[in-house]
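Here is a briefing on one protein model. Look over the sequence and the fold first, then read the points below.

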Amino acid sequence: MRAARLIKMVLLLQARPSMTGPELAQELEVSERTVARDVLSLSEAGVPVYADRGRSGGYRLIGGYRTRLTGLGRSEAEALFLSGVPSALREMGLADAASAARLKVSAALLPELRDAATGAAQRFHLDAPAWYQEPRTPALLPAVAGAVWDDRRITARYLRKDIEVERQLEPYGLVLKAGVWYLAARAQGDFRVYRVDRFTAVEVPDGGEGGGEDGAEGPTGGGRFIRDEAFDLPAFWAERAAQFARSLLREEVVIRLSAHGVRRLPHVTERAAAEEAIDAARSGDGPDAQGRLTVRLAVESAEVAYAQLLGLGPEGEVLHPLALRERFAAAARRTAALYA
């Protein structure tokens, strides 16, 4: 444990010009006294750690001391930072180990490769499903992925319903959602989402990197494009996913909820819709004299709402539509008969 902590301290100091005792203590989750003892141990072992005194002081490495990963190319470094899925690592309790590994790699990389982690995160994002599903790998995925890595425009033929259309795309990133690959790309100035398995043909032009007055190519030319540095793939995908979820909610039900039902609603229905409905009800009439809150909830359909709202049990009373209320009343009578 102590040896691992000493290594992490060296890597932290290697990655930053200077760190104070409190900063190191927080990063290493130890006391400042332990930090001072560890610094002394490193010095005795020949690691040139220097302590600056004063209010702006701290610890730093001197003499250009560092370790390096030699022979690691950019593509290898970027692929390495894609090897961990954050949500899955957290659930398995490996987040700290993954963080330490990334820190070691970042500290050891050559300066020109330090942006590998950021570059990978902005080009590929995994939206993992709640349970494992075998992903379907589209035949054209390797060509699309290669264009994403190289910031290279593609000409794609795409099935939109039953019609095949051709699009000139700037491929920004790939997302794997519930076993399906999606491409986030800019087309005619707008960012859009395409299912990769609906591509029927992908052409990656071999054009050079000139052509425009400023040295960039025209909007539909071959070769590489200049990425918009403000584009954030995870944020873009989260926004589009939320828009898609809202587009499915075409009907409305009215429910009277107990306090426990209010807490349960986001767990049995679409979370964003439930939270919006609860906020609107609270800012409107608020709870009634019995402490129950009446909400107007957007749902996909009455059938889906029936399956979801059964999970509330007696904590939720459907008021509208009447057909759905009658269905719940019949279900309640059958349930009462079972426990009579």
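Ile255 stands opposite Val295 in β10. This is a predicted model: local features need pLDDT of at least 70, side-chain atom pairs count only at pLDDT 80 or more, and totals for chains, interfaces and linings use all residues. Residues are numbered from 1 along each chain as its sequence is written, and side-chain values use heavy atoms, with hydrogens and water left out. Helices (H or I, at least four residues) and strands (E, at least two) are DSSP runs, numbered from the N terminus.

**The three-stranded sheet**

- β9 and β10 run antiparallel and are joined by seven bridges. Two strands count as paired if DSSP finds at least two bridges between them.
- The open sheet has three strands in the order β10-β9-β11, with antiparallel pairing. β10 and β11 stand at the edges with a single partner strand each, so one side of each has no neighbour in the sheet.
- From one strand to the next, the twist averages 35°. Axes are lines fitted to C-alpha atoms, for helices over the stretch in contact, and angles run from 0 to 180 degrees between N-to-C directions.
- α12 lies across β9, β10 and β11 and runs at about 25° to β9.

**Nonpolar cores**

- A nonpolar core is a set of buried Ala, Val, Leu, Ile, Met, Phe, Trp, Tyr and Cys residues joined through side-chain atoms within 4.5 Å. Buried means under 20% relative accessible area, exposed over 50%, and partly exposed in between (1.4 Å probe, protein chains only).
- The largest nonpolar core has 24 residues; Val253, Ile255, Leu265, Val295, Leu297 and Leu309 touch the most other members.
- At least two residues of this core come from each of β9 (251-257), α10 (259-268), α11 (271-283), β10 (293-299), α12 (302-309) and α13. α11 gives the most, with five residues.
- A second, separate core of 20 residues includes Leu141, Tyr158, Leu176 and Val196.
- Val253 touches Val295, Arg296, Leu297, Val299, Ala305, Leu309, His320, Pro321 and Leu324, not counting residues up to four places away in sequence. Contact means heavy atoms within 4.5 Å.

- β6 (residues 180-187) is mostly covered: eight of its eight residues are buried.
- In a regular strand the side chains alternate between the two faces of the sheet. In β6, Val180, Tyr182, Ala184 and Arg186 point one way, Trp181, Leu183, Ala185 and Ala187 point the other way, and all are buried.
- β5 (residues 163-177) pairs with β6 in the antiparallel sense over seven bridges. Lys177 has Val180 of β6 as its bridge partner.
- Two residues separate β5 and β6 in a hairpin, and Ala178 in the turn has a positive phi of about 50°.
- β6 also pairs with β7 (residues 190-195), in the antiparallel sense over six bridges. Ala184 has Val193 of β7 as its bridge partner.
- This second pair likewise forms a hairpin with two residues between the strands; Gln188 in the turn has a positive phi of about 55°.

**Backbone exceptions**

- Most residues other than glycine have a negative phi, and most peptide bonds are trans.
- Gln188 lies in the loop between β6 and β7. At 75% relative accessibility, Gln188 counts as exposed.
- Asp151 is not a glycine, yet has a positive phi of about 55°. Asp151 sits in the loop between α8 (141-150) and β4 (154-160). Asp151 is buried, with a relative accessible area of 13%.
- His320 and Pro321 are joined by a cis peptide bond, with omega about 5°. Pro321 lies in the loop between β11 (316-320) and α13 (322-338).

- α1 (residues 2-15) and α2 (residues 21-28) pack at an angle of about 130°, with their axes 11 Å apart. That makes α1 oblique to α2. Angles under 35 degrees count as roughly parallel, over 145 as roughly antiparallel, 65 to 115 as roughly perpendicular and the rest as oblique.
- Arg5, Lys8, Met9, Leu12 and Leu13 of α1 make the contact with Leu24, Glu27 and Leu28 of α2.
- Asp38 is found in α3 and is buried, with a relative accessible area of 1%. Asp38 touches Arg2, Arg5, Leu6 and Met9, not counting residues up to four places away in sequence.
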